[in-house]
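Please keep the sequence and the 3D view open while reading.

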Amino acid sequence: MSLEFDNPHVKLLRKSKTSWLHTIYVPSWNRAGVAPLLNMLRTAPRGVQRKVHIIVRPDQIADYQAHYPWAKLVKVTKPGLGEARMAGIRHAARTGNTRIVMLDDDIKHISLLERIEREGKSPHTRRFSSRVSGVPEPMLLLRSLAVACKMADAAYEELPHCSYGAVRNALFSGEQQTKVGATTNRGSFPSCVFFFDVERFKTRKLPKDFHMHGEDLAISLDTLNRGQFWFTLPGVAYDQDGNLESMIPLDPQTAEGRQADIDNAFKHYPNIAPYLKSSYKNKLGGVMRIGFQWGKWYRDTDTEAITVPIDELL
(Lines give C-alpha, C1' and ligand atoms only; values in the text may rest on other atoms or scores of the structure.)
Protein backbone atom coordinates (compact mmCIF):
# COMPACT_ATOMS: atom_id res chain seq x y z
CA MET A 1 0.00 0.00 0.00
CA SER A 2 1.34 3.44 -0.88
CA LEU A 3 2.20 5.86 1.90
CA GLU A 4 0.05 8.60 0.45
CA PHE A 5 1.27 11.30 2.84
CA ASP A 6 4.79 10.70 1.51
CA ASN A 7 3.88 10.87 -2.17
CA PRO A 8 1.74 13.94 -2.97
CA HIS A 9 3.75 14.56 -6.12
CA VAL A 10 2.67 11.16 -7.46
CA LYS A 11 -0.97 12.21 -7.10
CA LEU A 12 -0.25 15.09 -9.46
CA LEU A 13 0.70 12.73 -12.29
CA ARG A 14 -2.93 12.07 -13.26
CA LYS A 15 -3.72 15.79 -13.12
CA SER A 16 -0.66 16.99 -15.03
CA LYS A 17 -1.13 19.52 -17.81
CA THR A 18 0.93 20.59 -20.79
CA SER A 19 0.84 24.13 -19.40
CA TRP A 20 2.97 22.97 -16.45
CA LEU A 21 5.87 22.19 -18.77
CA HIS A 22 8.60 24.78 -19.04
CA THR A 23 10.06 25.56 -22.46
CA ILE A 24 12.26 22.57 -23.36
CA TYR A 25 15.88 22.86 -24.59
CA VAL A 26 17.84 19.81 -25.76
CA PRO A 27 21.54 20.10 -26.70
CA SER A 28 22.36 17.45 -29.31
CA TRP A 29 25.28 16.56 -31.54
CA ASN A 30 25.65 13.79 -34.12
CA ARG A 31 22.45 12.07 -33.00
CA ALA A 32 19.87 13.18 -35.54
CA GLY A 33 17.44 10.26 -35.84
CA VAL A 34 18.94 8.26 -32.94
CA ALA A 35 18.59 10.56 -29.91
CA PRO A 36 16.31 8.63 -27.49
CA LEU A 37 14.61 11.68 -25.96
CA LEU A 38 13.97 13.41 -29.29
CA ASN A 39 12.65 10.20 -30.84
CA MET A 40 10.18 9.84 -27.98
CA LEU A 41 9.01 13.40 -28.50
CA ARG A 42 8.08 12.55 -32.10
CA THR A 43 4.78 11.21 -30.80
CA ALA A 44 4.20 13.95 -28.23
CA PRO A 45 1.14 16.19 -28.53
CA ARG A 46 1.68 19.21 -30.77
CA GLY A 47 1.34 21.49 -27.76
CA VAL A 48 4.41 19.82 -26.26
CA GLN A 49 6.38 19.77 -29.51
CA ARG A 50 5.93 23.54 -29.87
CA LYS A 51 7.89 23.93 -26.62
CA VAL A 52 10.92 21.95 -27.86
CA HIS A 53 14.16 23.67 -28.91
CA ILE A 54 17.10 21.57 -30.13
CA ILE A 55 20.52 23.20 -29.76
CA VAL A 56 22.68 22.13 -32.73
CA ARG A 57 25.85 22.96 -34.65
CA PRO A 58 25.34 24.76 -38.01
CA ASP A 59 26.63 21.85 -40.10
CA GLN A 60 23.97 19.53 -38.66
CA ILE A 61 20.92 21.76 -38.88
CA ALA A 62 19.65 20.11 -42.07
CA ASP A 63 19.84 16.63 -40.52
CA TYR A 64 17.94 17.66 -37.42
CA GLN A 65 15.33 19.54 -39.45
CA ALA A 66 14.74 16.40 -41.51
CA HIS A 67 14.26 14.14 -38.48
CA TYR A 68 12.48 16.58 -36.14
CA PRO A 69 10.64 19.10 -38.35
CA TRP A 70 8.27 20.02 -35.50
CA ALA A 71 11.07 21.34 -33.24
CA LYS A 72 12.66 24.78 -33.21
CA LEU A 73 16.42 24.75 -33.79
CA VAL A 74 18.87 26.93 -31.87
CA LYS A 75 22.26 27.34 -33.52
CA VAL A 76 25.46 27.11 -31.46
CA THR A 77 28.63 28.05 -33.34
CA LYS A 78 31.24 26.78 -30.87
CA PRO A 79 31.76 23.09 -30.04
CA GLY A 80 31.13 21.52 -26.67
CA LEU A 81 28.23 20.78 -24.34
CA GLY A 82 29.17 23.70 -22.09
CA GLU A 83 28.80 26.20 -24.90
CA ALA A 84 25.60 24.48 -26.09
CA ARG A 85 24.02 24.90 -22.65
CA MET A 86 24.97 28.58 -22.58
CA ALA A 87 23.60 29.07 -26.11
CA GLY A 88 20.28 27.73 -24.85
CA ILE A 89 20.32 30.10 -21.88
CA ARG A 90 21.14 33.07 -24.08
CA HIS A 91 18.38 32.14 -26.55
CA ALA A 92 15.86 31.82 -23.72
CA ALA A 93 16.88 35.25 -22.39
CA ARG A 94 16.47 36.84 -25.83
CA THR A 95 13.09 35.27 -26.49
CA GLY A 96 11.56 35.85 -23.07
CA ASN A 97 11.45 32.24 -21.90
CA THR A 98 11.90 32.90 -18.19
CA ARG A 99 11.62 29.29 -16.99
CA ILE A 100 13.19 26.49 -19.00
CA VAL A 101 14.06 22.84 -18.56
CA MET A 102 17.18 21.57 -20.34
CA LEU A 103 17.50 17.83 -20.92
CA ASP A 104 20.29 15.71 -22.39
CA ASP A 105 19.26 13.97 -25.60
CA ASP A 106 20.02 10.47 -24.27
CA ILE A 107 17.36 10.64 -21.53
CA LYS A 108 15.03 7.65 -21.85
CA HIS A 109 13.02 7.87 -18.62
CA ILE A 110 11.92 10.56 -16.20
CA SER A 111 10.19 9.00 -13.23
CA LEU A 112 8.56 10.13 -10.03
CA LEU A 113 9.86 8.17 -7.04
CA GLU A 114 7.20 6.57 -4.86
CA ARG A 115 7.67 5.41 -1.26
CA ILE A 116 5.68 2.23 -0.57
CA GLU A 117 5.07 -0.23 2.24
CA ARG A 118 5.90 -3.90 1.67
CA GLU A 119 4.31 -6.66 3.70
CA GLY A 120 6.90 -8.27 5.94
CA LYS A 121 9.64 -5.97 4.65
CA SER A 122 10.92 -2.45 5.26
CA PRO A 123 9.45 0.46 3.23
CA HIS A 124 10.90 0.84 -0.25
CA THR A 125 11.33 3.62 -2.83
CA ARG A 126 10.54 2.67 -6.42
CA ARG A 127 10.15 4.37 -9.76
CA PHE A 128 6.53 5.18 -10.59
CA SER A 129 7.12 3.46 -13.92
CA SER A 130 4.84 2.58 -16.80
CA ARG A 131 4.35 -0.87 -15.29
CA VAL A 132 3.38 0.59 -11.92
CA SER A 133 1.32 3.54 -13.17
CA GLY A 134 -0.24 1.99 -16.26
CA VAL A 135 0.69 5.12 -18.22
CA PRO A 136 2.60 4.19 -21.40
CA GLU A 137 5.78 5.88 -22.59
CA PRO A 138 6.36 8.52 -23.81
CA MET A 139 3.27 9.96 -22.14
CA LEU A 140 4.62 8.94 -18.74
CA LEU A 141 7.87 10.82 -19.37
CA LEU A 142 5.94 13.95 -20.34
CA ARG A 143 3.57 13.78 -17.37
CA SER A 144 6.45 13.12 -14.96
CA LEU A 145 8.39 16.02 -16.45
CA ALA A 146 5.35 18.28 -16.12
CA VAL A 147 5.06 17.41 -12.43
CA ALA A 148 8.78 18.07 -12.01
CA CYS A 149 8.39 21.50 -13.64
CA LYS A 150 5.52 22.31 -11.27
CA MET A 151 7.71 21.24 -8.34
CA ALA A 152 10.54 23.41 -9.67
CA ASP A 153 8.19 26.42 -9.81
CA ALA A 154 7.27 25.79 -6.19
CA ALA A 155 10.94 25.46 -5.25
CA TYR A 156 11.70 28.85 -6.80
CA GLU A 157 8.95 30.38 -4.67
CA GLU A 158 10.17 28.72 -1.48
CA LEU A 159 13.87 29.28 -2.21
CA PRO A 160 14.39 32.81 -3.60
CA HIS A 161 18.20 32.46 -3.60
CA CYS A 162 18.05 29.47 -5.97
CA SER A 163 18.70 30.21 -9.63
CA TYR A 164 18.55 26.69 -11.00
CA GLY A 165 17.96 23.09 -10.02
CA ALA A 166 17.82 19.49 -11.15
CA VAL A 167 16.37 16.06 -10.53
CA ARG A 168 18.33 13.01 -9.38
CA ASN A 169 20.16 10.38 -11.37
CA ALA A 170 18.18 7.17 -10.89
CA LEU A 171 21.43 5.23 -10.39
CA PHE A 172 22.06 7.15 -7.18
CA SER A 173 18.50 7.52 -5.90
CA GLY A 174 18.69 4.65 -3.41
CA GLU A 175 16.16 4.50 -0.61
CA GLN A 176 15.03 8.07 -1.11
CA GLN A 177 12.66 9.47 1.49
CA THR A 178 10.06 11.11 -0.74
CA LYS A 179 8.76 13.25 2.11
CA VAL A 180 11.59 15.63 1.13
CA GLY A 181 10.43 17.97 -1.62
CA ALA A 182 13.57 19.99 -2.35
CA THR A 183 17.05 20.49 -0.94
CA THR A 184 19.62 23.22 -1.58
CA ASN A 185 23.39 23.00 -2.08
CA ARG A 186 23.74 19.41 -1.05
CA GLY A 187 25.13 16.23 -2.58
CA SER A 188 26.39 15.99 -6.15
CA PHE A 189 26.31 18.73 -8.77
CA PRO A 190 23.19 19.06 -10.96
CA SER A 191 23.38 17.46 -14.40
CA CYS A 192 21.37 16.12 -17.35
CA VAL A 193 17.93 17.47 -16.36
CA PHE A 194 18.27 21.14 -15.42
CA PHE A 195 15.64 23.72 -14.48
CA PHE A 196 16.76 27.32 -15.01
CA ASP A 197 15.13 30.55 -13.89
CA VAL A 198 16.66 32.59 -16.69
CA GLU A 199 16.34 35.93 -14.90
CA ARG A 200 17.92 34.69 -11.66
CA PHE A 201 20.57 32.57 -13.38
CA LYS A 202 23.15 35.17 -14.40
CA THR A 203 25.75 32.98 -16.17
CA ARG A 204 25.83 33.46 -19.93
CA LYS A 205 29.34 32.17 -20.72
CA LEU A 206 31.59 29.50 -19.25
CA PRO A 207 35.40 29.48 -19.33
CA LYS A 208 36.68 27.79 -22.49
CA ASP A 209 38.27 25.05 -20.36
CA PHE A 210 34.74 23.87 -19.50
CA HIS A 211 33.25 23.95 -23.00
CA MET A 212 34.02 20.31 -23.83
CA HIS A 213 33.61 18.71 -20.39
CA GLY A 214 32.95 19.61 -16.77
CA GLU A 215 30.27 22.15 -17.61
CA ASP A 216 28.06 20.81 -14.80
CA LEU A 217 30.85 21.57 -12.34
CA ALA A 218 31.51 25.03 -13.79
CA ILE A 219 27.81 26.00 -13.66
CA SER A 220 27.66 24.97 -10.00
CA LEU A 221 30.85 26.77 -9.01
CA ASP A 222 29.85 29.91 -10.89
CA THR A 223 26.51 29.86 -9.06
CA LEU A 224 28.20 29.55 -5.66
CA ASN A 225 30.64 32.27 -6.67
CA ARG A 226 27.69 34.61 -7.22
CA GLY A 227 26.29 33.86 -3.77
CA GLN A 228 23.38 31.87 -5.22
CA PHE A 229 22.10 28.34 -4.57
CA TRP A 230 20.75 25.45 -6.57
CA PHE A 231 18.07 22.95 -5.60
CA THR A 232 17.53 19.24 -6.09
CA LEU A 233 14.15 17.52 -6.35
CA PRO A 234 14.85 14.15 -4.67
CA GLY A 235 11.45 12.71 -5.58
CA VAL A 236 12.15 12.75 -9.34
CA ALA A 237 14.81 10.77 -11.20
CA TYR A 238 16.10 10.30 -14.74
CA ASP A 239 17.63 7.39 -16.63
CA GLN A 240 19.95 7.64 -19.63
CA ASP A 241 20.48 5.21 -22.50
CA GLY A 242 23.81 3.60 -21.63
CA ASN A 243 24.13 1.99 -25.06
CA LEU A 244 24.89 5.29 -26.78
CA GLU A 245 28.50 6.30 -27.14
CA SER A 246 29.20 9.46 -25.17
CA MET A 247 31.92 12.07 -25.60
CA ILE A 248 31.78 12.63 -21.82
CA PRO A 249 31.85 9.30 -19.93
CA LEU A 250 29.83 9.26 -16.70
CA ASP A 251 32.55 7.32 -14.87
CA PRO A 252 35.88 7.72 -16.72
CA GLN A 253 38.22 4.75 -16.35
CA THR A 254 41.50 6.45 -17.31
CA ALA A 255 44.32 7.33 -14.92
CA GLU A 256 43.47 11.01 -15.48
CA GLY A 257 39.71 10.72 -15.05
CA ARG A 258 38.18 14.10 -14.18
CA GLN A 259 41.33 15.56 -12.64
CA ALA A 260 41.44 18.19 -15.41
CA ASP A 261 38.07 19.51 -14.24
CA ILE A 262 39.41 19.95 -10.71
CA ASP A 263 42.56 21.65 -12.03
CA ASN A 264 40.47 24.00 -14.17
CA ALA A 265 38.27 24.79 -11.18
CA PHE A 266 41.35 26.00 -9.25
CA LYS A 267 42.26 28.11 -12.28
CA HIS A 268 38.89 29.80 -12.76
CA TYR A 269 37.19 29.55 -9.33
CA PRO A 270 40.10 29.70 -6.84
CA ASN A 271 37.92 30.73 -3.89
CA ILE A 272 35.64 27.72 -4.19
CA ALA A 273 37.79 24.99 -5.75
CA PRO A 274 39.51 24.11 -2.42
CA TYR A 275 36.18 22.66 -1.26
CA LEU A 276 36.20 20.10 -4.08
CA LYS A 277 37.21 16.53 -3.43
CA SER A 278 37.58 13.29 -5.32
CA SER A 279 34.58 11.34 -4.05
CA TYR A 280 35.37 8.18 -6.00
CA LYS A 281 38.41 6.90 -7.92
CA ASN A 282 38.76 4.12 -10.50
CA LYS A 283 41.20 1.21 -10.38
CA LEU A 284 43.92 3.31 -12.04
CA GLY A 285 43.55 6.06 -9.46
CA GLY A 286 41.73 8.45 -11.80
CA VAL A 287 39.00 10.73 -10.46
CA MET A 288 35.63 9.26 -11.43
CA ARG A 289 33.34 11.57 -9.46
CA ILE A 290 33.88 14.98 -7.96
CA GLY A 291 32.32 15.81 -4.61
CA PHE A 292 32.10 18.86 -2.38
CA GLN A 293 33.02 19.35 1.27
CA TRP A 294 29.65 20.74 2.26
CA GLY A 295 30.26 20.62 6.02
CA LYS A 296 33.34 22.82 5.70
CA TRP A 297 31.51 25.10 3.26
CA TYR A 298 28.63 25.66 5.68
CA ARG A 299 31.01 26.43 8.55
CA ASP A 300 33.16 28.81 6.51
CA THR A 301 30.25 30.67 4.90
CA ASP A 302 27.93 30.61 7.92
CA THR A 303 25.23 28.98 5.80
CA GLU A 304 23.34 25.72 5.95
CA ALA A 305 21.54 23.34 3.68
CA ILE A 306 17.80 23.98 3.39
CA THR A 307 15.28 21.17 3.18
CA VAL A 308 11.71 21.84 2.05
CA PRO A 309 9.28 19.02 2.99
CA ILE A 310 7.16 17.73 0.13
CA ASP A 311 3.95 18.81 1.88
CA GLU A 312 5.20 22.40 2.06
CA LEU A 313 6.50 22.37 -1.50
CA LEU A 314 3.13 21.21 -2.87
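Helix H5 (residues 81-95) has 15 residues, which at 1.5 Å a residue should span 21 Å; its end C-alpha atoms are 21 Å apart, in agreement. The expected span is 1.5 Å times one less than the number of residues. Helices (H or I, at least four residues) and strands (E, at least two) are DSSP runs, numbered from the N terminus. The model is predicted: local features need pLDDT of at least 70, and side-chain atom pairs count only at pLDDT 80 or more, while totals for chains, interfaces and linings use all residues. Residues are numbered from 1 along each chain as its sequence is written, and side-chain values use heavy atoms, with hydrogens and water left out.

The buried residues of H5 are Gly82, Glu83, Ala84, Arg85, Met86, Ala87, Gly88, Ile89, His91 and Ala92. Buried means under 20% relative accessible area, exposed over 50%, and partly exposed in between (1.4 Å probe, protein chains only). These buried H5 residues pack against strands S1, S2 (52-56), S3 (72-75), S4 (99-103) and S9 (193-197), and against helix H8. Contact here means heavy atoms within 4.5 Å. Just after H5, Gly96 takes a positive phi of about 80°.

Helix H7 passes the length check too. Its 20 residues should span 28 Å at 1.5 Å a residue, and its end C-alpha atoms are 29 Å apart, which agrees. H7 is mostly covered, with 14 of its 20 residues buried.

**Nonpolar cores**

A nonpolar core is a set of buried Ala, Val, Leu, Ile, Met, Phe, Trp, Tyr and Cys residues joined through side-chain atoms within 4.5 Å. The largest one holds 56 residues; Leu41, Phe195, Phe231 and Leu233 touch the most other members. Helix H7 (residues 139-158) gives the most to this core, with 13 residues. Apart from it lies another core, of 38 residues, including Ala84, Ala87, Ile89 and Tyr275.

What does Leu41 contact beyond its neighbours within four places in sequence? Its partners are Val48, Gln49, Val52, Trp70 and Leu142.

**A strand pair**

Strand S11 (residues 276-281) pairs with S12 in the antiparallel sense over five bridges. Two strands pair if DSSP finds at least two bridges between them. Across this pair, Lys277 stands opposite Gly291 in S12. Five of the six residues of S12 (residues 287-292) are buried, so the strand is largely enclosed by the rest of the structure.

**Selected buried residues**

| Residue | Relative accessible area |
|---|---|
| Thr223 | 1% |
| His22 | 5% |
| Asp216 | 13% |
| Phe229 | 17% |
| Cys149 | 0% |
| Cys162 | 0% |

His22 sits in the loop between helix H1 (8-11) and strand S1 (23-27). Not counting residues up to four places away in sequence, His22 touches Lys51, Arg99, Ile100, Val101, Cys149, Ala152, Asp153 and Phe195. The C-alpha atoms of His22 and Asn97 are separated by 8.5 Å, with the two residues 75 apart along the chain.

Helix H8 (residues 215-225) carries Thr223. The Thr223 side chain reaches the backbone oxygen of Ile219 at 2.8 Å. The side chains of Asp216 and Arg258 are joined by a polar contact of 3.3 Å. A polar contact is a pair of N or O atoms within 3.5 Å; within protein, one must be able to donate a hydrogen and the other to accept it, and residues adjacent in sequence count only if both atoms are side-chain atoms. Leaving aside residues up to four places away in sequence, Asp216 touches Phe189, Pro190, Ser191 and Arg258.

Phe229 is found in strand S10 (residues 229-240). Beyond four places in sequence, Phe229 touches His161, Cys162, Ser163, Tyr164, Asn185, Thr223 and Ile306. Thr223, for its part, is in contact with residues including Ser163, Tyr164 and Phe229.

**Cysteines**

A search of the whole structure finds zero disulfides (a disulfide is a pair of cysteine sulfur atoms within 2.5 Å). Cys149 is in no disulfide; the nearest cysteine sulfur, that of Cys192, is 16 Å away. For Cys162, the closest cysteine sulfur is in Cys149, 16 Å away and too far for a bond.
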